[in-house]
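Open the model in your viewer and keep the selection panel at hand.

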Amino acid sequence: MSSKPAVAMGWQRDLSLILLPALAVFAFCVVNRFAFADGDTNWHVATGRWILVHGAVPSVDPFSYTMAGHPWVPHEWLSEVILALVQAVAGWNGVMLLTGACAAATFALLAWELTRWLGTLSVIASLGEIFALLRPHLMARPHMLALPLLALWMIELLRARNGSRTPSLWLLPMMVLWANLHGSYVFGLAFACPFALEAVVEAKGARLPVALRWAAFLAAAGAAALVTPNGVEGLVLPFRVMGMKTLQSIGEWTAVSFTQFSSLELALIFTLFICLYRGVRVGWASLGLLLLLLHMTLQHIRQEIILAVVAPLLLAAPLGRALEPERAAADPRPAAWPPLSEVAAATAVAVALVLGVATWRLLTPFVRTDSLVVPMTALRYVPPELAARPVFNDYSFGGWLVLEGVRPFIDGRADMYGDALVQTYVDTAAVKSPSATDQVLRRYGVVWTILTPASPLAAHLDHTPGWRRLYADKWAVVQVYDGFQPPPPPAAAATSRTVK
């Protein structure tokens, strides 16, 4: 009996499990506005514009007034250029499409690997967990451009270990690209080390050749990571950031709290139940990485992104051996190619759906409006001569100020501002000490503020002599010091500002 029908059915299943979730995630990213839920998107685009205008990567801060001229390492410069180019060509609609495409590519790669080891229900459950963990992070930021590379890197590392070989050399140019897109490339370098050690330990009588091959790969990957405008500084920066004392005061860097039920808690409970109940056995290198990822995520919720991509890949083969031993014992994917007509038909349908959603997105007007990170209307009521003076702004508003050409007190580049200024901002915004708060405002010559309505500082200034409200809505409050008397704001037209 011919095996072709079985092979075809296997590939039909795999193609469905690869394409359908990827299309669903693409549509999710493109249809809703969640891509712009983080204010950092704005200063990333502003940075990309600056690089395109000046034809160089900045080495000092060109945006704020508190750190103007201070050394800055823009380690995500290439992502920022891509975001700026897409925004210039296709507007914010295009940025949404780019975010969706990166998310879809990541899910397709993960599904591609999961279908090698797991049955249909297991793949669906795994992808559901991955989406639940990644959903809060599917935003238009540089990490989205790096996610497919993280998935590819880990897939190749695991295949190299399963095949008792060193990773392919095509990972090296990919590392160059990754190092210029996002700081998560350091995880790629770090994650390769336990696999190298495992390969040497398990080589037994031929340890020296194996050690030399893995050492050569790690050295080449490290050298590739230095091929950036920032050189060694770009390699050191991620570690310096994670060592900052004030990280816990920034939302995405806070520790996980289990006071409320979350998708992370659900994923951990479900995965632990399956692994313990079915006796899943994981190699010591993979287990060490899983524990490290869990520690990183519990310490900083931002690392949930890495956990969501890497953990399923580490567990795919062990889960397959425990849940479906017959499938795992066989060749995880048939060597024969599926019928070309079926692949072509599935690809054509997928492309048509993507083009249809993309066309709808590009033809549907999308306008940025006031939000928790975009004080658009409030900023329109700030006259240009006042906007040019020192401001104390809400942290989440900093990116929009940068994009609009207003020099902020602070924005999302905490690595550049450093612990001292971040702590000064936190204490001042919380009015930890009223006298110290007033002293900080005088020291920096602050003559206006743009804060959230619930800000303790806004309430403090409401009762501080010399300060008055210029504008307020449900998103932002603008207050001005009486020593500065701007002319009345225009009744309608907004003032357009561009990044200088």
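Select A267, T271, L272, C275 and L315: of the 30 residues that line the largest pocket, these lie nearest its centre. A pocket here is an open set of points on a 1 Å grid over the protein atoms alone, with protein on both sides within 12 Å along at least five of seven lines; lining residues have an atom within 4 Å of a point. Now colour α4 (120-134), α10 (263-277), α11 (284-299) and α12, the elements that give two or more residues to this lining. The largest share, nine residues, comes from α10. Helices are DSSP runs (H or I, at least four residues), numbered from the N terminus. The volume of the largest pocket is about 720 Å³, taken as the space filled by probe spheres set on the points, which are joined across faces, edges and corners. Its lining has 26 nonpolar, three polar and one charged residues. Ala, Val, Leu, Ile, Met, Phe, Trp, Tyr, Cys and Pro count as nonpolar, Asp, Glu, Lys and Arg as charged, and the others, Gly among them, as polar.

This is a predicted model: local features need pLDDT of at least 70, side-chain atom pairs count only at pLDDT 80 or more, and totals for chains, interfaces and linings use all residues. Residues are numbered from 1 along each chain as its sequence is written, and side-chain values use heavy atoms, without hydrogens and water.

Next, the second largest pocket, with about 590 Å³ of space. Pick A37, D38, G39, L372 and V373, the closest to its centre among 24 lining residues. That lining divides into 11 nonpolar, six polar and seven charged residues.

Select H75, E76, H182, W253 and R302. Of the 36 residues lining the largest cavity, these lie nearest its centre. The volume of this cavity is about 530 Å³. Which helix supplies the largest share of its lining? That is α5, with five residues.

Technical notes. On a 1 Å grid over the protein atoms alone, a cavity is a set of points where a 1.4 Å probe fits but cannot get out, and a pocket is an open set with protein on both sides within 12 Å along at least five of seven lines; lining residues have an atom within 4 Å of a point.
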